[in-house]
Structures are given as C-alpha cells and as structure tokens.
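Dear colleague,

Please find the structure below for your records.

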Amino acid sequence: VQTTTTEPIYPIIFQIDYPECKSSVLYSVDDTTIIYSDTIHQRIAPASLTKLLTACVALKYADTDTIYTVGSEQWLVSPYSSLCYLQTGNMLSLEDLITGMLMASGNDAAYTIAVSVARELNPDKYMSDDEAVQYFCSLMNDFASELGMTNSNFVNPDGWDNEEQYTTAEDLIKLTEYVITVPKIMGITGTYQKYVTICSGESYSWTNSNLLIDPYSNYYCENAVGLKTGTTLNAGNSLIAVFKVDGKMYISVVLGCLSDNDRYELTLKLISNIK
C-alpha cells in the first residue's frame, strides 16, 4: 500500500556565511519547524527587540485607551537613544505610547510605559521612577518565563545595553510566536507610517524603523507583515521579521549583524528559501 505525506518539504539551506551575524534562525509557525538555525542558543544583547516584550506586558496589565502623562522618568532615558520625541507633560494613550515605542523605537515611550503601568498596578504604594522600572522588569521576566524563554533576562524596558540583559534567538522565536497572536502589536509593527494627535493636543509623525515595511526602501518585501529592529553597540544590528507566504507564517531572527544593510540582506536571503 502506498502512502503519501502532507508534511512540507523544505530545501536544504546550507550554512550562510555572508552577511555575517552572531545568531540566526528561520522558523515555520504553521509547521512548528526550524528551517534554518545558526548558534540559536548563544546569549545576545537584545537591544530594542526588548520592546516587543515591553508591549506584551503593558497590554496584559493595562487598557489601550488608558491615558498616561510623560513625567520625570524621561531622565532615565540614556543619551543618544532612539526616540519618538515625547515631551514632559504630554498626555497620550497606552496605544499611542506603544505605537511610538514600536514604530519609531522610542526609548522615551518605553520608560513612560514601564513607570506608568507599574504605578497603576500599585496605586497605594509610593514608587520612585527607578523602583517602578524594577517592578515592571520583574513583570517582564515573569512573562518571559511563562513563554518558556529560559535563557533570557531583562533589567530595562528599552533594550539599552546592560550585561544583565540578554536573550537568544531561540527565546525570541518563543516571544514572537506569542506576539503574532496580538493583533494590536502586529497592526503597529506592520504599519509604515502613522500620524497621531495625542490627548494633550500635540501631533506626531512616526515612521517604522523596519525597512522591510517601507515601500520606498530597496529592502521592501510585500510578504513582510512585521516586526522589530534592534541596534546597540553590544548587540550589533538585529531584526525579527514575520512573513506570510502562501497563507503560512514564518519568523526570521537575525542577531548581531555588522551593519544595517546586512540584517536586511541576511533576512531576505533566509526567506528566499521559502517557495
């Protein structure tokens, strides 16, 4: 009796030596299959990929229409950070804060989210800005643990380099598998540009830092539906990307590329193996 199999057959992807990276993986969500992997257990500085976890935790504990005021937590934002250019006294919804954080990769928004949500969860307890951040990061680590991210640790909400903040490509696949079930995050990370007028009256224009989403970029990919860039001195140039090809979802993670261009070229080289 002859039998046929319906399991997908992927091409063998040989080791990719260029562009260089510290770690990479291509994963089929529908088939729960790793198609390509390279040192996926190596600990890496997560940079702004951290903000995906920050968004997940914020949405777990707070409503998107909750209004927060930008305050003294802005002094915690490191010099030379990527910003969405919030100003002290701005009043805006959690949804707008997450939009600025994920599209423009605003470290300023990440800190306002962390401190505001922490204080909302502890209304009867005085918390300094630092204490509020520490509390929020404990929620981040709890959430990461729930997702099975066993080789990650987070001590800030924006991904600024810290030797105690690390993750792996394998753990980031687990995080991204959750993220793709959150329409709010996918909607934001899949948007190229957005104009926002916040509650206190100021207007902002935020452009997605992910060139795969930019229709004017040489790296634009019509199959890309998100997700997030990350860049710091220790992390290098990193990118998580989500693709939809013939109705199926794929996640690519490239960490520690040498340049901005390299992370896109490597990502597109990985996804080109999906037919």
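Tyr-204 and Trp-206 are both buried, a term that stands for under 20% relative accessible area, with over 50% called exposed and the range in between partly exposed (1.4 Å probe, protein chains only). The model is a predicted one, in which local features need pLDDT of at least 70, side-chain atom pairs count only at pLDDT 80 or more, and totals for chains, interfaces and linings use all residues. Residues are numbered from 1 along each chain as its sequence is written, and side-chain values use heavy atoms, leaving out hydrogens and water.

There are 4 aromatic pairs in the structure. Rings of Phe, Tyr and Trp (its six-membered ring) pair if their centres lie within 6.5 Å; planes under 30 degrees apart count as stacked, over 60 as edge-to-face and the rest as tilted. The ring centres of Tyr-204 and Trp-206 are 5.5 Å apart and the planes stand at 20°, so this pair is stacked.

Tyr-219 and Tyr-264 also form a stacked pair, because their ring centres are 5.3 Å apart and their planes are at 20°. This pair joins distant parts of the chain, 45 residues apart: Tyr-219 lies in the loop between strand S6 (203-207) and strand S7 (224-232), and Tyr-264 in helix H7 (residues 260-271). Helices (H or I, at least four residues) and strands (E, at least two) are DSSP runs, numbered from the N terminus. Tyr-219 and Tyr-264 are both buried.

The loop between S6 and S7 also holds Asp-214, which counts as buried because its relative accessibility is 13%. Leaving aside neighbours within four places in sequence, Asp-214 contacts Tyr-192 and Tyr-220 (heavy atoms within 4.5 Å).

With kind regards
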